[in-house]
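Please look over the sequence and the model before reading on. The walk-through below moves from the whole chain to single residues.

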Amino acid sequence: MADAAVEFLLENLQQLLVHHVQLIRGAKKEVEKLESDLQVFKDFLNEYSSKKRRKDDSLQTVVHQIRDVVYDAEDIIDAFVTQAAVVKSENYFRRALEKPVNLHKIATQVKPVRAKVTEIYGGKNKIEFASLPVGFGALQEEFEVPLVRQRNLVGLEDETKTIIGYLTAETEQLDVISIVGMPGLGKTTLAGKIFRDPAIVYRFHTRIWVYISQEFTRKDVFLAILKEFTKVTEETKTKSDHELAMLVAAKLDEGRFLIVMDDVWAVEDWDKLKIALPHTNSMGKVLITSRHEEVAKRANMISRLPHKLRFLTHAESWLLLRLEVFGKPACPPELEDHGKLIAKDCNGLPLAIVVIGGILVKKFSASNETTWKKVSESVNRYLIEKDPERRMEKIIALSYDKLPYHLRACYLYLGMFPEDFQIPAWKLIRMWIAEGFIQQSIGVSLEETAEGYLEDLISRNLVRVDKVKSDGKIKTCRIHDMLRDFCINEARNEKENFLQEIKKTSEGFAPPISQIEKYRRLCIHSNVLSFISSKPYGHRVRSFVCFSKEDVILPADCISNIPTSFKLLRVLDVKPIIFGKSIPSDMYQLLHLRYIVLSFN
């Protein structure tokens, strides 16, 4: 999130210098210097991807220092603008302040931020960014081809029949079939089932499986295909990518073949690979799997839509769970109710069912009713926290790490909504804009840009379309519970503090009221009155939202608690909270507020 934080603050500083220079007359040079320092960090973050940072503690330390500096700077700049505006409109705001704050004092607060930036870059913790070697901190990857699942294949019969129908159909040119779907849905499993199907084995004497991965090289892929036809010599390995592509195309043009390209990540990746395919060979078939719908659309050479892999039905989910735990469809009667709840809470995602089944077998007695009851009451927690291999987290993190930085904040922000919530697209878009997540593009409105961001997340199968308007635009969307949990865990961890969901436990609120000041966004969807009555304080909070299913009427003595607790709010969406008959006067002090939803009697 440091990437997005730096970019957003740079954008805000540039807008400040261009449009509101009168507000920072006393500190313009300090702001300009801060802008210059932040640009250095932006260059560093662009150089080292989040995937590399996850694997290197030194890089993570630097990134977290950058993030902390940016957050501090953002807080000071917002406070600076607030007080400058107060001074400019002194008569209007005099009711809210006992005395105006001296702009010069606010300007001096920018200096320690710049000093902290300089310390990280040029002090004792300095890392020469430009001279970091490629292998710094064990950044080099060792790629491992994932094992293709061959047992307990449930719910794939109709999908298999459809894809085999495409593969056996006669066409006038090379045919590319695409399977798309969200992480953990079983794309590779389905492709493997088809690859081994007797009808496919009989029809295609030449069958080749290549795993593409995020950071493949064309040469490796082309050599992997060539070795299925001939011995790869050292001389062959020295050939250029183009020469190898021509050799591959010549071999494939000789007859009937099937190539499975598993896990193609980007349109650009497909464009690099397709030059080796003989487009005029009508006996050739290519089956690709991808999380990204745009890849599938680009790859399909005839007017056929990508094949969207469906979720498992509840009956299929329950069958898969039984097979994973017991190795057979039978289940002890006393476990059935708990088991069906567990299967239901996996929301049709095969990987989630496989992971939870493995946990039940490995960590507990597979037939212990108490254990099944315990797991059924908190499926998501067991998926995220109790799996030693962290399979759900890892597979979702692959997609998250591949997101461009401007989409990461937008994606994590989805964690602000409750589980299984029908998210209005117009609401989400306006909240993103209010937060400053949407980059201004010449000739394009912020709303249009934000719609493009949402469509991109949907195309990557990280968000699902729920309802569509008559004009074809997205009306509502949803996020799978597993993906929502990833968003919340990624966003709330101690290294990010991007957002936090407030929940009531038997011991009080979690996290404790005393700790919420470190978070920048808060959401609460139950026990709302108790939380607000406790007078929480969060001077860093930019968004406060509540989507409680029950309305909450605020007592008179709590009406001002929200505006006095969160003075730098940009987003306030609290429709279930009823404030009385009019807007509290304290609300007018929230000068950074850009999006507000309130309810009144």
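What follows goes from overall figures to a helix pair, then to a few individual residues.

This is a predicted model. The protein holds 26 helices and 15 strands. Of its 601 residues, 52% are buried. Its accessible surface is about 28200 Å². Carbon and sulfur atoms own 50% of that surface. Now consider contacts between residues with a separation of 6 or more. Among these, 69% join residues 24 or more positions apart.

Start with a pair of helices. Helix α7 spans residues 157-168, and helix α8 spans residues 187-196. Their axes lie 10 Å apart and meet at an angle of about 60°. An angle of 65 to 115 degrees would count as roughly perpendicular, and one under 35 degrees as roughly parallel. The two helices are therefore oblique to each other. Their crossing is right-handed. On the α7 side, the contact uses Glu159, Thr160, Ile163, Ile164 and Leu167. On the α8 side, Leu190, Lys193 and Ile194 take part. By class, this contact has five nonpolar, one polar and two charged residues.

The buried ones are Lys187, Thr189, Leu190, Ala191, Gly192, Ile194 and Phe195. Their cover includes helices α7 and α9 (198-203). Strands β1 (175-180), β2 (206-211), β3 (257-262) and β4 (284-290) also contribute to that cover.

Helix α22, residues 425-435, is another enclosed element. Nine of its 11 residues are buried, so the rest of the structure largely encloses α22. The buried set includes Trp432, Met431 and Leu428. Two charged residues, Lys427 and Glu435, are buried in α22 as well. Just after α22 comes Gly436, with a positive phi of about 90°.

Is Ser317 buried or exposed? Ser317 belongs to helix α15, residues 314-326. Its relative accessibility is 1%, and buried means under 20%, so Ser317 counts as buried. Beyond residues up to four places away in sequence, Ser317 touches Leu312, Ala343, Gly348 and Ile353. Ser533 sits in helix α25, residues 528-533. Here the relative accessible area is 35%, so Ser533 is partly exposed. Leaving aside neighbours within four places in sequence, Ser533 contacts Cys558 and Asn561. The C-alpha atoms of Ser533 and Pro555 are separated by 9.0 Å, and these residues are 22 apart along the chain.

Finish with the backbone. Most residues other than glycine have a negative phi, and most peptide bonds are trans. Which residues depart from that pattern here? Asp263 has a positive phi, near 70°. Asp263 lies in the loop between β3 and α13 (267-273), and is buried, with a relative accessible area of 11%. Asn527 has a positive phi near 50°. Its place is the loop between β11 and α25. Asn527 is partly exposed, at 40% relative accessibility. The peptide bond from Ala510 to Pro511 is cis, with omega near 0°. Pro511 lies in the loop between β10 (508-510) and β11 (521-524).

Note on methods:
Residues are numbered from 1 along each chain as its sequence is written. This is a predicted model: local features need pLDDT of at least 70, side-chain atom pairs count only at pLDDT 80 or more; totals for chains, interfaces and linings use all residues. Side-chain values use heavy atoms; hydrogens and water are left out. Axes are lines fitted to C-alpha atoms, for helices over the stretch in contact, and angles run from 0 to 180 degrees between N-to-C directions. Helices (H or I, at least four residues) and strands (E, at least two) are DSSP runs, numbered from the N terminus. Angles under 35 degrees count as roughly parallel, over 145 as roughly antiparallel, 65 to 115 as roughly perpendicular and the rest as oblique. A crossing is left-handed if the near helix is turned anticlockwise from the far one by less than a right angle, and right-handed if clockwise. Contact means heavy atoms within 4.5 Å. Buried means under 20% relative accessible area, exposed over 50%, partly exposed in between (1.4 Å probe, protein chains only). Accessible areas come from the Shrake-Rupley method with a 1.4 Å probe; for residues, only the protein chains shown count as cover.
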